[in-house]
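This report sets out the geometry of a single protein chain, residue by residue and then as a whole. The sequence and the coordinates are shown first.

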Amino acid sequence: MSLKTIIRLQKLQLDEKRRVLAELQNLGDRLKAEIERLKEEIAHEQATAREDFAVSFTYASFAQAALERGRRLGQSLAQVEAQISVATDQMAEAFQELKRYELAEEERLKREREKQKRKDAIMLDETALVGFRRRQAEEEAAGG
């Protein structure tokens, strides 16, 4: 497999890891927003229960369910944040590996260019030498 093919494959893998990370970050953002909405809902219900004695009887069951929901959301957020950390590390590793292959390809191309320059220089030297010998032979034939 050529380096170009490996580089293309590494880029695809890196793009996939970026996509996964973005999805996890979006999920984390949605969970954080849901936790904030729940906090606002609890605060609203607390205020309503303080104002209306009849509502205060149902507040206890609401609060218990809301706290359980908040606990589950918090656990989910912690899991997603752990996955984000792993995905970030994986993406960084994939990026470093891609860079290694790209640097190797650059070095290979540089060596090829230098090799071609040497070949060109040898060919020019040979052409100049043939021209010099021809002129020298012509001068000897003309003068001698």
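Leu-38 lies in helix α1 of this predicted model. Its relative accessible area is 5%, and since the limit for a buried residue is under 20%, Leu-38 is therefore classed as buried. Apart from neighbours up to four places away in sequence, the residues in contact with Leu-38 are Ala-66, Arg-69, Gly-70 and Leu-73. One of these, Gly-70, is 32 residues away from Leu-38 in sequence, yet the two C-alpha atoms are 7.1 Å apart in space.

Leu-38 also belongs to the largest nonpolar core, which has 15 residues. Together with Leu-31, Ile-42, Tyr-59, Leu-73 and Ile-84, Leu-38 is among the members that touch the most other members of this core. Two elements, α1 and α2 (53-143), each give two or more residues to the core. The largest share, 8 residues, is contributed by α2. In soluble globular proteins, nonpolar side chains tend to be buried together.

Ile-42, another of the core residues with the most contacts to other members, is in contact with Tyr-59, Phe-62 and Ala-66 once neighbours within four places in sequence are set aside.

Gln-10 is part of helix α1, which covers residues 3-51. Is Gln-10 buried or exposed? Gln-10 counts as buried because its relative accessibility is 6%. Beyond four places in sequence, Gln-10 touches Ala-94, Glu-97, Leu-98 and Tyr-101.

Ala-87 is located in helix α2 and is buried, with a relative accessible area of 6%. Its contacts, neighbours up to four places away excluded, are Leu-21 and Leu-24. Ala-87 and Leu-24 are separated by 63 residues in sequence and by 8.5 Å between C-alpha atoms.

| Residue pair | Separation in sequence | C-alpha to C-alpha distance |
|---|---|---|
| Leu-38 and Gly-70 | 32 residues | 7.1 Å |
| Ala-87 and Leu-24 | 63 residues | 8.5 Å |

The remaining values concern the chain as a whole. Its secondary structure consists of 2 helices and 0 strands. Along the principal axes, the C-alpha atoms fill a box of roughly 130 × 25 × 15 Å. The radius of gyration is 36 Å, whereas a compact globule of 144 residues would have a value near 15 Å.

How much of the chain counts as buried? Of the 144 residues, 17% do. The accessible surface amounts to about 11100 Å², and carbon and sulfur atoms account for 55% of that area. Among contacts between residues at least 6 apart in sequence, 84% join residues at least 24 apart. As for charge, the chain carries 27 positive and 28 negative charges, and the mean positions of the two sets lie 5 Å apart.

Conventions
Residues are numbered from 1 along each chain as its sequence is written. This is a predicted model: local features need pLDDT of at least 70, side-chain atom pairs count only at pLDDT 80 or more; totals for chains, interfaces and linings use all residues. Side-chain values use heavy atoms; hydrogens and water are left out. Helices (H or I, at least four residues) and strands (E, at least two) are DSSP runs, numbered from the N terminus. Buried means under 20% relative accessible area, exposed over 50%, partly exposed in between (1.4 Å probe, protein chains only). Contact means heavy atoms within 4.5 Å. A nonpolar core is a set of buried Ala, Val, Leu, Ile, Met, Phe, Trp, Tyr and Cys residues joined through side-chain atoms within 4.5 Å. The radius of gyration is taken over C-alpha atoms; the globule rule is 2.2 Å times the number of residues to the power 0.38. Accessible areas come from the Shrake-Rupley method with a 1.4 Å probe; for residues, only the protein chains shown count as cover. Lys and Arg count as positive and Asp and Glu as negative; His and the chain ends are not counted. The place of a charge is taken as NZ of Lys, CZ of Arg, CG of Asp or CD of Glu.
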